[in-house]
Amino acid sequence: MDKKLNFDNFLIFDGAMGTMLQASGMKGGELAERYNLEKPEVISGIHRAYLAAGAEVITTNTFSANRFKLAEAGLDLAEVIGAAVAIARQAAGQRLVALDIGPLGRLMEPYGNLSFEAAYEAFAEQIRLGQAAGADLILIETMSDLYEAKAAILAARENAELPVFCTMTFQADGRTLTGADPLTVVNVLQSLGVTALGINCSLGPKEILPLVRTVLKFAQVPVIVQPNAGLPQLIGEKTIYQIMPAEFAAYGKEMAMAGVGILGGCCGTTPDHIKALKEAVGGLKPVERKVPRLTAASSATTTVALGGEIKIIGERLNPSGKKRLKEALREGDLDYLLREAVDQRDNGAHILDVNVGLPEIDEKTVMVKVIKEIQGVINLPLQIDSVRPEVIEAAVRICNGRPIINSVNGEEKAMAAILPTAKKYGCLVVALTMDEKGIPPTAEERLRIAERIINKAAAYGLPKEDIIVDCLVLTASAQQREVQETIKAVRLVKEKLGVKTTLGVSNVSFGLPARPLLNRTFLAAALAAGLDAPIMNPLDAEMRDTVRAFNVLWNHDRESRDFIKAYSTPEEKPALHPRRERKDLKTLIIAGLKEEAAAVVRDLLKAEKGLAIVDHYLIPALDLVGERYEKGELFLPQLIQAAETVKRAFAVIKEDLRKEAGPAAAVSKGKIVIATVKGDVHDIGKNIVKLLLENYGFTVYALGKDVPSAVIVEKVREEQAALVGLSALMTTTVRNMAEALTALRHACPEVKIMVGGAVLNEDYAQRIGADFYGKDAREAVKIAEMVYREKN
Amino acid sequence: MEIAQDEILRYLGYRNQNPDPATAKLIAECLSELKAVIRAGVVYQRYPLEKQGDRIGLSGTNLTIYSKDLSHHLRQADQCLLLAATLGLGPDQRIATYARLDLARGIVLDACATAAIEALCAEAQNKLKAKLAKEGYALTGRYSPGYGDLAITLQKAILEVLRAYPRIGLTVNEEHILLPRKSVTAFIGLEKREESGRAQERPAPAAGVKADDHCRRCPDQTCRYRKGGDRNG
């Protein structure tokens, strides 16, 4: 089929289907796909009109033909897609039929509940049916979420042999609905191996034009544009697209001359628009474009290109040598990891390295989970760091954006395992200049390994711009003579191979005192030799300073703007509050001053036992805050600030207890499982309850929102919790709460159940069979104390 | 978009008290952070109404609604606007993050975003009001699924009719909760203004007044945001 595609000439697609259907009497809210079965002649007529207007590709009437939408409508997917492709096929004759794939109409995780895997399955089903029915190519269109587009493209590439075109829709601010800019869209789609990519829908041709120019600047593959006929205007009772065929075609011609090779129309366009468009580009030939390839990683929304300004790859999400992080990984404390990620971002990291390799955990499962969590919170590109190829593949598959793989080396086995994965998922790869014989001592030998990896990558279809070479840093304490070989190797690799480079800088100082001094000195030398992206601790102020200074001296930080911003004002002293006396701990808690309170607790611990501090300071302060809150003297934000402060103080005490007697010494008043029930997406109230329960010494297993009953039951059993808290905030989800109650009663007859949430009251709680109704978080604490008092 | 400070405070449980300086600062920070991540989307369509008892049809669509309360709300209207508005995914992402890492900030940001979506709707309504006044129409207040007896299960059909997902990225989950979270759909009645000025006797009320009306009609007596109640957070 591929042979039919010819980009030597312009390829003209059809225009809107929906607009034409509405003109033929389809009502608002009706499912257009139903027409494939009930009024095939109408669909066929529209196809024929576009073909008559000169369209070389017609698009099947299957925009919403996915398992979710059709199940709601009670239609059979195979039947609808089969009919739609057959209608188009019959009309098209020798011309091409594009299988239309629109968005699934659901939000992807973490905003919605559509998982990447479920999206992939839904698209795969459509695509298999479409290929079987005889489509010539796959048009994934009107995508507003790059993550969803990635699922669709992977589904197409893995389930069909057809060329894949993908277009995304942009908002007036020049980004997609989920926030991706045009460069990011190009970087991600292109790396996934689409035949053509571009823009459709949302805006009119005039508004799209500047975005199209950006796309053309970065896209190496052919660019497709299908604009609306202008922006919709409400005129009288009708919504009207106002751009007439002649004007539409004029914009089309302008785009063609700028380098667009594939043109068509979206909402509001008609056969007349397509006819005019075809005529307008009639005498032209597609512009030949030479587009340089970037070495660029992307998150869901933004792109970091290596070269020029130095890019920092944050190294802190790596458990080697980090006790607290190991513990967090073992305990599944993802909040700790997220905080590390946020801290690195806030301190200037451009990319985050993610390594969760610990012998005692299931690395693949944890890696996938951690990646999903981090990319839901942080819009930085990720570098997937593992020694296990199967972990890497699982991670890059579900990673939103275009990740970096860390790493491959010169061993044949490593290259055969990693490079195909990098190609398939369009990743950048860090290439370590070592092989089965280890790290060569000389710069020249490392250059040769880099060269070997680059050649091998090329054989797998990965251009050298997709490779980032790491010449490997040795420690000055062990291999002092070879430290400068790394610097030499960076210079050689840059000069001879012209690729981007990275280095794990802080390795240099292992085993020596004053590590920051060695690190920053080595860093300066490496940067001068051509290091593009140091892997380092962004929280290390001295290294950060060095990067900033280098960016000025090498003319990357134009007019020293960032430098002046960072250093022209004296740094604010954080300790604005004078040191408090011990008796002030209560005041600090009520004022919500976390760090100050933690410092006072540390002082107190020199003289008093941790548990005594809890009883004499923390709990009384909490009680006081609670009382004042109930009286209306303090308000929710203050209550929470105080509770967060107690939590911080608690952490100091727990740490101290652990030091004294090991992890087992952590005291708990009892275990409580809490969850927001299935279907409900409200999280905050439940988090408040968790915080207060923890403040009062309970161990809380918070399962999150939208939690199926089975998961709650499982956790209650596993932890043998005596109390479970369920939350529901909607009239519609209260019945799911009743369901969870029934399941718990059945599986764990011993457990006490408290319920809460805005729509509940005492009566209703009783009616659905709960043991307690907690009107707020304070009440939940009282209930928990009572339950565990009675139990003990 | 003018986000009302007193609305934010109300969502946080204040009843005409002033926030302490730390909370006031937190609110100001949240507002500026929020404004940077809002990507507002508003879509609407205008339909002649086909009324029959408590049954309301929107002409040219497959949407038919049975609701005493909506019928009452639209009793003097011969057309209506169907509106959907959202702040986009940005606020959801920030609120969810802070709900885990800095709960107080999460709560305040959530309250700011709730006030912001109200403000976005009010702004859209005011623009439409000015535009439609020229045609001799007055607007009623906004009436949303979930108010009174107007079924929340209508959300999906409303979004389909407006093609809200492809246009502004607004969806609904299985439990009829709008996603992104900070979103609204609403009916706004269009009342033909007569020479006698009868329709002018009930002009579209200002945002605050109208919400009070909604609260009075709402069956949820325990809602934390209920106006005029004494329930605290």
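A salt bridge is a side-chain nitrogen of Lys or Arg within 4 Å of a carboxyl oxygen of Asp or Glu. The model is predicted, so local features need pLDDT of at least 70 and side-chain atom pairs count only at pLDDT 80 or more, while totals for chains, interfaces and linings use all residues. Residues are numbered from 1 along each chain as its sequence is written, chains are lettered from A and ligands numbered from 1 in the order in which they are written, and side-chain values use heavy atoms, with hydrogens and water left out.

**Exercise 1.** Characterise the contact between A:Lys775 and A:Asp776.

Step 1. The N to O distance between these side chains is 3.2 Å, and they form a salt bridge.
Step 2. A:Lys775 has 46% relative accessibility and is therefore partly exposed (buried is under 20% relative accessible area, exposed over 50%, partly exposed in between; 1.4 Å probe, protein chains only).

**Exercise 2.** Determine where A:Arg324 and A:Glu327 lie and whether each is buried or partly exposed.

Step 1. Both belong to helix α12 (residues 323-331) of chain A, 3 residues apart, about one turn of the helix; helices are DSSP runs (H or I, at least four residues), numbered from the N terminus.
Step 2. A:Arg324 is partly exposed at 32%, whereas A:Glu327 is buried at 19%.

Methods. Helices (H or I, at least four residues) and strands (E, at least two) are DSSP runs, numbered from the N terminus.
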